[in-house]
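Walk through this model one piece at a time.

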Amino acid sequence: MSWMKREKQPNAPYDGDKRILFPFDAHGLAPSALDAALRLARSQGGTLVPVFLARVPRQLPIDAALPRQSQLAVPMQDAVEQRAAEYDVPVDSRIERGRSYRHALRLTIQSERFDMIVLAAAAGQGPGFNAGDVAWLLANAPGEIVVLRPAPTSVIAGG
Amino acid sequence: MARGHHKIFLGMAAGVGKTYRMLQEGQAEAETGRDVVIGYLEPHERPATAQQAEGLVTLPRRGISYRGNRVEEMDLTGILERAPELCLIDELAHTNAPGGLHEKRFEDVNDVLAAGIDVYSTVNVQHLESLNDQVSELTGIRVRETLPDAVLASADELVLVDITPESLIERLLAGKVYRPEAIQPALDNFFKIENLSALREVALRQLAQDVEAKRLPSESGLALRPGSRRERLIDTQAQQAIGERLLALITPHPGAQRIVRRAWRSSQRLGAELDILWVARATPTAEQSEQLEALRRLASVLGAHLLVEQGDDVALVTQRVARERNITYLLMGPPHERGAIARMLRPSLAMRLLQALPGLDLRIVANRTRAAERDIPEIEL
């Protein structure tokens, strides 16, 4: 597992309760990255904010209901909360939508309070964010950012 | 190359006959002239199962040394080289010993399907990832080997192999499931009528949910089931004809998302609309507004309707909304413990709603997250 870390910006939002953002999408999430995020949340007495990023196809209105992606998001959010319960870490789940995953990510960092983002970089065809999204996030998101490279074969997927 | 066809035989527990049924159907396919092989079979020393496998080609297993022992795993490379038309693979949720191409057998199966080979496989319902918590709560036993729900959802066919809990216990007692020395421990632990009945219900619901999922139209460009040959029936009008409508009663706090997700799952099974209600006594605080916004986004993605009503009496407002919107099913979080005097002075919200709305089903959604238990505010009475 490799990781990069950026220094926390002085103006990053922080109100006493550390909030660790953990974005993922319909392609699944890497258990190793989730565990890392949970360990960080536990060590800092913080809250994990798992964010499912939903992609709205161009032909649909941006606020359209997304039943197929909901079928993936709901079990994944449940799985994250189950894992968080094992770590005794509080969870405050989110779903954010956008025309692309990066768009949804941008809206997430605009609308959410957070101190740190933990995300998995894609390994091969596995889940996670591609190099372009990671670079964009490092350049644009405030707060600490931890990028993890997950094991390529291990995935929590929705149903 | 077209992806192979995947048929999964789902059961409530070991011994219901999944492997037997898979072999039976494999034999039938072989009889029609198809090239059918057994990629991996876990006969569990069951003579009837072994007999059913006779005549089918069983591919050699791959031996691996693991912690000083020799274990045998399915030989993925051997299957791909042999390239049969149909491959029978037992125990989809199995975790491979280290040293193979993949960590989990379902990943091996994915490679077999990608090679254009049809696969029949088996799994028990307690292995499903999203049901792990529920099954653990029902049976007191947590299953370590889990299977992502997406694997089941992407299968072309799902066959429920179902027998009554009583019949399964009879089979167990007759030595058809486990060796004699393993029967009593099994009866003392997992194989109890109440456990099996609960698991059977979960399996039946899972199948019903799968049928519902097949009826949903695709609204997204996301290829959930690439290459799937299943028909998609677009019949939402028919789904709603039964007239169920759900209401999730929440307060804006992080645990509300779980209640909404649980309500949405129920609404999907029933083909029903979902409303979400918060009865606000005063202007929301900053924290409540933040949670409300998150709930609004969740509701929007799920296709649910978030309602915020002002009122001092939650039961009265809920009663009004339930009547106006023809609610048939209400879900809410667990009430907080109240003292004896408080209980005497005023019945709980749940009791008041049951009395006021006798035609309504009420479900209390348990909170299983230890950390969240500390933080959930009570619905204001």
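Start at Leu277(B), which stands opposite Leu307(B) in β11(B). This is a predicted model, in which local features need pLDDT of at least 70, side-chain atom pairs count only at pLDDT 80 or more, and totals for chains, interfaces and linings use all residues. Residues are numbered from 1 along each chain as its sequence is written, with chains lettered from A and ligands numbered from 1 in the order in which they are written.

Six bridges join strand β10 (residues 273–280) of chain B to β11(B), and the two run parallel. Strands (E, at least two residues) and helices (H or I, at least four) are DSSP runs, numbered from the N terminus. Two strands pair if DSSP finds at least two bridges between them.

Now widen the view. The open sheet has five strands in the order β11-β10-β9-β12-β13 (chain B), with parallel pairing. Its edge strands are β11 (305–310) and β13 (361–364) of chain B, each pairing on one side only.

Next, the nonpolar cores. A core is a set of buried Ala, Val, Leu, Ile, Met, Phe, Trp, Tyr and Cys residues joined through C-beta atoms within 7 Å. Buried means that 20 or more other C-beta atoms, placed from the backbone, lie within 10 Å of the residue's own. The largest core has 82 residues; Ile20(A), Phe22(A), Leu48(A), Ala248(B), Val260(B) and Ile276(B) touch the most other members. Helix α2 (residues 67–87) of chain A gives this core its largest share, eight residues. A second, separate core of 49 residues includes Ile8(B), Cys87(B), Leu113(B) and Leu152(B).

Note on methods:
Buried ≥ 20, exposed ≤ 12 C-beta atoms within 10 Å, placed from the backbone.
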